[in-house]
Amino acid sequence: MKKLFIDVGGTYLRSEIYSDGVVLQEKIKTDSTGLMQYIDTIIMAHNDIEFIGISYAGQVDGGVIIAAPNIHIDEYEIMHRVKERYGVELKIDNDLNCAIFAEAEYWKSDNIALLFVGTGIGSAVIDNKKLVRGSRNISYEIGHIPYRKAPFFCGCGRNNCIELYSSGSAMAKWLNYYGSNKLSNLTELKNSQIKEERQVAENFEQGLLYAIGTLITISNPEIVVLGGGVIAQNSYLIDFIKENIKNYALGPSLESLRIEQSFLENASLEGAKLLGKIYE
Ligand SMILES: [Zn+2]
């Protein structure tokens with residue numbers, strides 16, 4: 001039985017096909033294809049796929065994509081369309097929801113919060129073994145809580161989200177705004193000779209502390225796991241957060257809290273592999 005697992009991020013789409021002990025991996029730019037188009041192509045090439053698990057960097061509920069601030073959507077009714085077209089079972093969930101399933105297994109925790117910073121910034125919470133979903137499966141969208149006004153808009157349509165300060169896409173937007181030709185590398189920006197570039201890095205750090213402090217204060221986890229491309233490339237952030245978080249979160253919620261960096265290479269994709277099991 002062949003299984004297809006896909007992690008659709010804001011920048012990259014990564015997939016793995018499992019077939020008789022062989023794993024085929026692929027990584028392409030997300031903007032080079034729509035998800036439905038990608039699935040069509042894979043199923044044309046592998047006509048015996050029986051299950052598809054998808055981790056998706058957007059809001060998803062009941063097999064339907066609701067919105068995706070950083071991704072072009074070519075099919076909203078993705079689960080129904082794939083079932084109708086190919087008779088293949090498909091499970092799809094938000095990427096942070098998928099990632100936290102994998103992280104909860106890794107850290108063996110029943111009370112865990114996850115915050116990932118990549119193209120966007122997102123979080124998820126498992127409270128007493130249960131993923132907190134909300135009424136439409138869009139709880140803990142921490143990147144879109146109001147923070148400060150920015151001179152440009154977020155993918156969600158507003159201009160005051162944390163995601164406009166503390167994400168990979170935010171750094172790129174601010175550098176573009178200041179006319180800088182630097183790449184959005186946090187460590188390089190921190191050490192820049194140019195004041196505005198240092199300011200982009202400082203705003204990123206402050207927004208990140210605000211987001212993590214808010215997450216800790218409202219969810220009271222025993223462990224917070226930080227991951228995503230921007231965290232992985234700037235591992236100084238873990239110590240930086242441990243040193244400064246006391247000014248951003250409620251004291252008692254910090255007392256026995258562990259703050260850890262994700263060790264999984266792709267937690268969202270690992271979580272997509274758990275979708276079939278968890279939903280059954
Ligand atoms: Zn937003």
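The views below show a predicted model, in which local features need pLDDT of at least 70, side-chain atom pairs count only at pLDDT 80 or more, and totals for chains, interfaces and linings use all residues. Residues are numbered from 1 along each chain as its sequence is written, and side-chain values use heavy atoms, with hydrogens and water left out.

View 1. The ideal angle for four tetrahedral donors is 109.5 degrees. Cysteine 154 counts as buried because its relative accessibility is 7%, and cysteine 161 does so at 0%. Buried means under 20% relative accessible area, exposed over 50%, and partly exposed in between (1.4 Å probe, protein chains only).

**View 2. Serine 169 and helix H4.** Serine 169 is found in helix H4 (residues 168–177). Helices (H or I, at least four residues) and strands (E, at least two) are DSSP runs, numbered from the N terminus. Serine 169 counts as buried because its relative accessibility is 17%. A polar atom of its side chain lies 2.8 Å from the backbone oxygen of threonine 119. The side chains of serine 169 and serine 167 are joined by a polar contact of 3.2 Å. A polar contact is a pair of N or O atoms within 3.5 Å; within protein, one must be able to donate a hydrogen and the other to accept it, and residues adjacent in sequence count only if both atoms are side-chain atoms. The buried residues of H4 include Trp174 and Leu175, and what covers the buried residues of H4 includes helix H5 (186–190), H6 and helix H7 (229–233). Glycine 179, which follows H4, has a positive phi near 70°.

**View 3. The sheet S10-S9-S8-S11-S12.** This open sheet of 5 strands has mixed pairing; two strands pair if DSSP finds at least two bridges between them. The edge strands, S10 (130–131) and S12 (258–261), each pair on one side only. Strand S9 (residues 121–127) runs antiparallel to S10 and is joined to it by 2 bridges. Helix H6 (residues 195–219) packs on the sheet, touching strand S8 (112–117), S9 and strand S11 (223–227). Contact means heavy atoms within 4.5 Å.

**View 4. The sheet S3-S2-S1-S4-S7.** Mixed pairing is also found in this open sheet of 5 strands. Strand S3 (22–29) and strand S7 (89–94) stand at the edges with a single partner strand each, so one side of each is left without a neighbour in the sheet. Strand S1 (residues 2–8) and strand S4 (residues 49–56) run parallel and are joined by 7 bridges. Phenylalanine 5 has glycine 53 of S4 as its bridge partner. Helix H3 (residues 95–107) lies across S1, S4 and S7 and runs at about 95° to S7. Axes are lines fitted to C-alpha atoms, for helices over the stretch in contact, and angles run from 0 to 180 degrees between N-to-C directions.
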